[in-house]
Amino acid sequence: MESIRKILENRLEEVEGRIAAACTRAGRPREAVTLVAVTKTVSLDTAREILTLGVTNLGENRPQELWKKQAALPEAHWHMIGHLQRNKVEQTAPLVVRIHAVDSLRLLQALEENAQTRGVEQAILLEVNASQEESKQGFAPALVPELVPVLNRLQAVRVCGLMTMAAYTEDPESTRPTFVTLRALLDKLARECDRRRHPLNELSMGMSNDYEVAIEEGATWIRLGTVLFEDLP
Ligand SMILES: *Cc1c(COP(=O)(O)O)cnc(C)c1O
């Protein structure tokens, strides 16, 4: 049987080729896009394997799992990509380079207070329900511009950009409007917010099913699980 390492190597090569091709189509440099390998379905050993293959950004969508894997692999750059409850902020925020799915004002405030207490700057992205599905979390697109005064009052949180999850579809092309919406919202926020505080230049969008379209529309972080880890322990 092929080793897990060999399987991961082959999958990474395939994905890398597709990322590079999408960048070329969009006229973007390859370095503009960073792969976050979403390790939520695999063991610590498999997560370690992809890290040693040079994928330094790893993501988890559940705090407890993130705490566990981060403790074992502290050398990775960890990303919290799922919903975060306020009572898990204290334990999670210090461990990660980005919190991708800030989906409420209450969570934003909790992150602000925590970062002030620790005397650090906290890099986050706001989750937007750009596909407008009822089942999805995140700010409604129409509400995003109204956040400007709130964002401009923050002292410790830095809003790096926006994050979304497109609706799952058989045809990746149909996700394009979701990504276009997210980019337009980012541009609008970037014009209206205090840029000395908020970089507002990152788009976390694109998963296994639709990352090439997301890259064409400006993704800077793509979050891939299935294409890398399907059927691996
Ligand atoms: C699981 C997950 C991903 C990865 O999804 P795949 O379709 O398996 O690539 C990306 N983002 C979030 C928020 C997730 O929970």
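Modeller: The count comes to 19 salt bridges, where a salt bridge is a side-chain nitrogen of Lys or Arg within 4 Å of a carboxyl oxygen of Asp or Glu. This is a predicted model, in which local features need pLDDT of at least 70 and side-chain atom pairs count only at pLDDT 80 or more, while totals for chains, interfaces and linings use all residues. Residues are numbered from 1 along each chain as its sequence is written, and side-chain values use heavy atoms, with hydrogens and water left out.

As for the network, salt bridges link Arg25, Glu173, Arg176, Arg183, Glu216 and Glu217. Within this group, Glu216 is paired with Arg176, and their closest N and O atoms are 2.7 Å apart. Because Glu216 belongs to helix H8 (residues 211-216) and Arg176 to helix H7 (residues 176-192), this pair ties together parts that are 40 residues apart in sequence; helices (H or I, at least four residues) and strands (E, at least two) are DSSP runs, numbered from the N terminus. Glu216 has a relative accessible area of 22% and is partly exposed, given that buried means under 20% relative accessible area, exposed means over 50%, and partly exposed lies in between (1.4 Å probe, protein chains only).

Glu217 counts as buried, at 10% relative accessibility, while Arg183, with a relative accessible area of 34%, is partly exposed.

A further salt bridge joins the side chains of Glu65 and Lys69, at 2.8 Å from N to O. Both residues lie in helix H3 (residues 63-72), and because they are four residues apart there, about one helical turn separates them. Glu65 is partly exposed at 23% relative accessibility, but Lys69, at 1% relative accessibility, counts as buried.
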